[in-house]
Amino acid sequence: MYNSLLDSPVFYNAGIYIRLSQEDKDKDKKYESESESVTNQRQILVNHVRQNGFNLAGEYVDDGYSGTNFDRPAFKRMIQDIENKKINLVIVKDLSRLGRDHVNTGYYMERYFPEHKVRFISLMEGYDSARNQASNDSSTFIVACNDYYSKQNSNKIRDVLYSKKSNGKFIGSLPAFGYMRDPEDKGHLIPNPETAPIVRDIFRWSSEDVGISEIVTRLNDMNIPTPSKYKGTKLSKRCKCNDQWTISSVRKILKNRMYTGDMVQNVQTKVSYKSEKKITLDKSLWIVVENTHEALVDKDTFNSIQTTSNEIPNVKNDREKRLFENLIYCKECGNYLTVSYRKNHDYWSVNCNKYSRDPKRRLCEPHFFPYNYLEEQLLKRVTKTLKAYINEINLDSINKKVANSLTEENKTEADELADAYNELDKLSKKIQNYVNMLEVGRLTEASYDIVSKPVHKNIDLVKKKITKLENNQLKVKTKVKKVPDYTDKIKELLNVDKPTRDLLFAVIDRIEIDQYRNIEIYYKFNLIKKDSFKYKETESPRNPYGPKGKSRKK
């Protein structure tokens, strides 16, 4: 047996690729064909391998995956085996099994497989890359038709689903926690006997003024499974309490209008039929159909809860911010240290934002202490450090030092920028070469689209890299110019009785405080070394500010 592409004897290690989309599996769809099943595809492909004396070296099955993208586990495993030279022949039942996206399907057929010396066969169309035959010429048209079919099919499915949503039928994959599908009508929801009582308890507790944190504690103490655990949802590795209820999981239930008996859908949509990425739609586009299923909470109770603190705490944005607010951070988790007013004790306090959101779960460590004590000590320390800096400063030497350090810091980026321009030049010449081949007829327009697409993509990436590097160089020049201004800001800060937030932000980069109240002050441009000290309790008044944050009159 000879491969006309290689013009030499070839022993073929064949890989059969099988794909079945979710739409193909749905028995309710009119276009479902028994011949598309995994079993039938396998039988057809294995028979072809045996009849032609190929060695069956691999079987790759993607069951339930769309052909509009190539992010499929078995397909990626097949590509890896091609790279490792385990297979040199790929056989599919028809071209749509390989893919329905005409650009990527064409790329693998016309570029990837030939470059890797892989023979490709599609049985239904009679396509064989090792043979120069008329049926091969129609492949481009067939691939484009498959893409068009996929788009039209997607539109039809969307229209059907939109109609079902408008009629109040549930079309999601998993019902909200507390509900299950009606066995006699899959578009209708009924209370889940196992989880509905949990949801009712959550709303009842909230209506009785039990705080969310206490509700979370009760659920965890009762070993109630979380919605994610009950549904078998893949859990995040970043969360410390994957198997526990949290304030956000309880709040999500308390805000969900589905529990009032109203069907709320069309909240999100895919950006394209070829993409799995979803975007959240504006509320005006949501589809809400009232009274479609049994409620787990009455609407008056639900609406009442939305107006309480159980929904989202109201943050006072109109108050005067403290001097160091938004400059102080938690050393442990990196979040802001929140400055808030304690009404019962009439003073402002500091605490870790992450810890205070869910203290019972202890997502971080407490950093609780009066803000005013902290402000006094920070001002004293900052003033002392800046005075020492001003006394020792030599503006000319500082400017030279900063310029040299920044130039050294960006020397590598300058080399990268030169390399990026060279790469852009090579890619541009490559595109021009393809254009010339197209003009003289050595490339068809379809082939040009396939080979030029990845090059254009690389050009875009290189251009973004060049923009980033050039911006960095501009920042270097800006920093050098700002050093004299920075020094003037320090002098101004030291010469005023009451410094402003603007002045503090002009000279301080950030302030980090750990759970043991160790404080580290980082200054701009690293001109001043990190300053470290420990917070101490004092006996001075805890709150020179009133409840609204404005300074009290002396």
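I started at Ile-18. Setting aside residues up to four places away in sequence, Ile-18 touches Val-38, Gln-41, Arg-42, Leu-45, Tyr-60, Val-61 and Asp-62. I note that this is a predicted model.

I then looked up where Ile-18 sits. Ile-18 belongs to strand S3, residues 13-20. Is Ile-18 buried or exposed? I found a relative accessibility of 0% for Ile-18; buried means under 20%, so Ile-18 counts as buried. I also checked one of its contacts, Val-61. Ile-18 and Val-61 are 43 residues apart along the chain, yet their C-alpha atoms are separated by 4.7 Å.

**Whole chain**

I stepped back to the chain. I counted 18 helices and 20 strands. The chain has 554 residues, and 41% of them count as buried. I looked at contacts between residues at least 6 apart in sequence: 64% of these join residues at least 24 apart. The chain exposes about 32,400 Å², and carbon and sulfur atoms supply 49% of that area.

**Sheet S15-S16-S17**

Next I traced a sheet. It is open, has 3 strands in the order S15-S16-S17, and its pairing is antiparallel. Which strands stand at the edges? They are S15 (337-342) and S17 (369-370). Each has a single partner strand, so one side of each is left without a neighbour in the sheet. Strands of a sheet pair through backbone hydrogen bonds. I followed S15 to strand S16, residues 347-352: the two run antiparallel and 6 bridges join them.

**Helix H9**

I moved to helix H9, residues 212-221. Which of its residues are buried? I listed Ile-212, Ile-215, Val-216, Thr-217, Leu-219 and Asn-220. Their cover includes helix H8 (196-207) and helix H11 (247-254). Just after H9, I found Asn-223 with a positive phi of about 55°.

**Thr-260**

Thr-260 lies in the loop between H11 and strand S10 (263-265). I asked what its side chain reaches. The side chain of Thr-260 reaches the backbone oxygen of Arg-257 at 2.7 Å. Apart from neighbours within four places in sequence, Thr-260 is in contact with Ala-295, Val-297, Lys-299 and Phe-302.

Conventions:
Residues are numbered from 1 along each chain as its sequence is written. This is a predicted model: local features need pLDDT of at least 70, side-chain atom pairs count only at pLDDT 80 or more; totals for chains, interfaces and linings use all residues. Side-chain values use heavy atoms; hydrogens and water are left out. Helices (H or I, at least four residues) and strands (E, at least two) are DSSP runs, numbered from the N terminus. Buried means under 20% relative accessible area, exposed over 50%, partly exposed in between (1.4 Å probe, protein chains only). Contact means heavy atoms within 4.5 Å. Two strands pair if DSSP finds at least two bridges between them. Accessible areas come from the Shrake-Rupley method with a 1.4 Å probe; for residues, only the protein chains shown count as cover. A polar contact is a pair of N or O atoms within 3.5 Å; within protein, one must be able to donate a hydrogen and the other to accept it, and residues adjacent in sequence count only if both atoms are side-chain atoms.
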